[in-house]
Amino acid sequence: MEYSEKVMDHFMNPRNVGEIEDASGVGTVGNAKCGDIMKVYLKIENGIIEDAKFKTFGCGAAVATSSMATELVKGKTIPEALEITNKVVMEALDGLPPVKVHCSCLAEEALHAALWDYAEKNHIVIEGLERPVNDIGELHEIPDQD
């Protein structure tokens with residue numbers, strides 16, 4: 001399996017690892033089939049994502065996509081953050097092998113779960129945001145891992 005230099009860099013030197021105390025929103029998403037679990041913490045001030053951190057239990061691609069997703073979301077407004085899809089994360093990493101595409105879906109869903117948590121805590125509705133799932137296997141077909 002071949003990984004891009006960017007994937008390897010974000011795996012070997014992940015950005016934004018850790019947690020944010022009194023985070024504005026926290027989202028945890030897993031994938032029962034491959035065992036990956038991703039937790040994203042967001043600090044949101046005046047509608048801007050000031051900080052993002054993550055904790056991921058999973059393969060190198062899961063760590064790399066978490067790292068890139070938190071980098072991409074920092075400094076963004078909430079509507080801009082919703083535009084950070086798994087495809088955006090994958091493109092920013094110069095692609096992922098087909099059997100690892102689900103890792104980028106995990107990153108997207110964990111971001112959305114953290115935004116959902118923020119919206120619930122603040123009794124607001126975020127236009128275009130859907131209720132998150134706990135297991136992305138419910139949404140995306142995960143190829144069998146060899």
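Let's start with C105: at 5% relative accessibility, C105 counts as buried, where buried means under 20% relative accessible area, exposed means over 50%, and partly exposed is in between, using a 1.4 Å probe and protein chains only. You'll find C105 in helix α5. Helices here are DSSP runs of H or I with at least four residues, strands are runs of E with at least two, and both are numbered from the N terminus. The C-alpha atoms of C105 and T85 are separated by 7.6 Å, although the two residues are 20 apart along the chain.

A quick word on what you're looking at: this is a predicted model, in which local features need pLDDT of at least 70 and side-chain atom pairs count only at pLDDT 80 or more, while totals for chains, interfaces and linings use all residues. Residues are numbered from 1 along each chain as its sequence is written, and side-chain values use heavy atoms, with hydrogens and water left out.

Now zoom out. The protein chain has five helices and three strands, and from the N terminus on they run α-β-β-β-α-α-α-α. The radius of gyration is 14 Å, close to the 15 Å that the globule rule gives for 146 residues, so the protein chain is as compact as a globular protein of that length.

How much of the chain is buried? Of the 146 residues, 46% count as buried. The accessible surface comes to about 7500 Å², and 50% of that belongs to carbon and sulfur atoms; such areas come from the Shrake-Rupley method with a 1.4 Å probe, and for residues only the protein chains shown count as cover. As for charge, there are 13 positive and 26 negative side chains, and the centres of the two sets lie 4 Å apart. Lys and Arg count as positive and Asp and Glu as negative, while His and the chain ends are not counted. Each charge is placed at NZ of Lys, CZ of Arg, CG of Asp or CD of Glu.

Next, the inside. The largest nonpolar core has 39 residues, and V40, L42, V73, L115 and I126 have the most contacts inside it. A nonpolar core is a set of buried Ala, Val, Leu, Ile, Met, Phe, Trp, Tyr and Cys residues joined through side-chain atoms within 4.5 Å. The elements that give two or more residues to this core are β2 (36-45), β3 (48-57), α2 (60-73), α3 (78-82), α4 (86-92) and α5 (101-121). Which element gives the largest share? That's α5, with eleven residues.

Take V73 as an example. Leaving aside neighbours within four places in sequence, V73 is in contact (heavy atoms within 4.5 Å) with L42, I49, A52, A81, I84 and L111. Then there's I78, in helix α3, which is buried with a relative accessible area of 9%. Not counting residues up to four places away in sequence, I78 touches I44, G47, L115, Y118 and I126. F11 is another story: I78 and F11 are 26 Å apart, C-alpha to C-alpha, and 67 residues apart in sequence.

Contacts across the sequence are a theme here. Residues 24 or more positions apart account for 63% of the contacts with a separation of 6 or more. Beyond residues up to four places away, W116 touches L129, E130, R131 and P132.

Over in helix α2 sits E71, which is partly exposed with a relative accessible area of 35%. Setting aside neighbours within four places, E71 is in contact with H10, R15 and N16.

Finally, look at two loops. N46 lies in the loop between β2 and β3 and has a positive phi of about 50° although it is not a glycine. Is N46 buried or exposed? At 79% relative accessibility, N46 counts as exposed. D94, in the loop between α4 and α5, also isn't a glycine, and its phi is near 60°, a positive value. D94 is one of the contacts of S4, along with L93 and G95, once neighbours within four places are left aside. S4 itself is found in the segment before α1 (5-12) and is buried, with a relative accessible area of 15%.

Terms used. Rg over C-alpha atoms; globule rule 2.2 N^0.38 Å.
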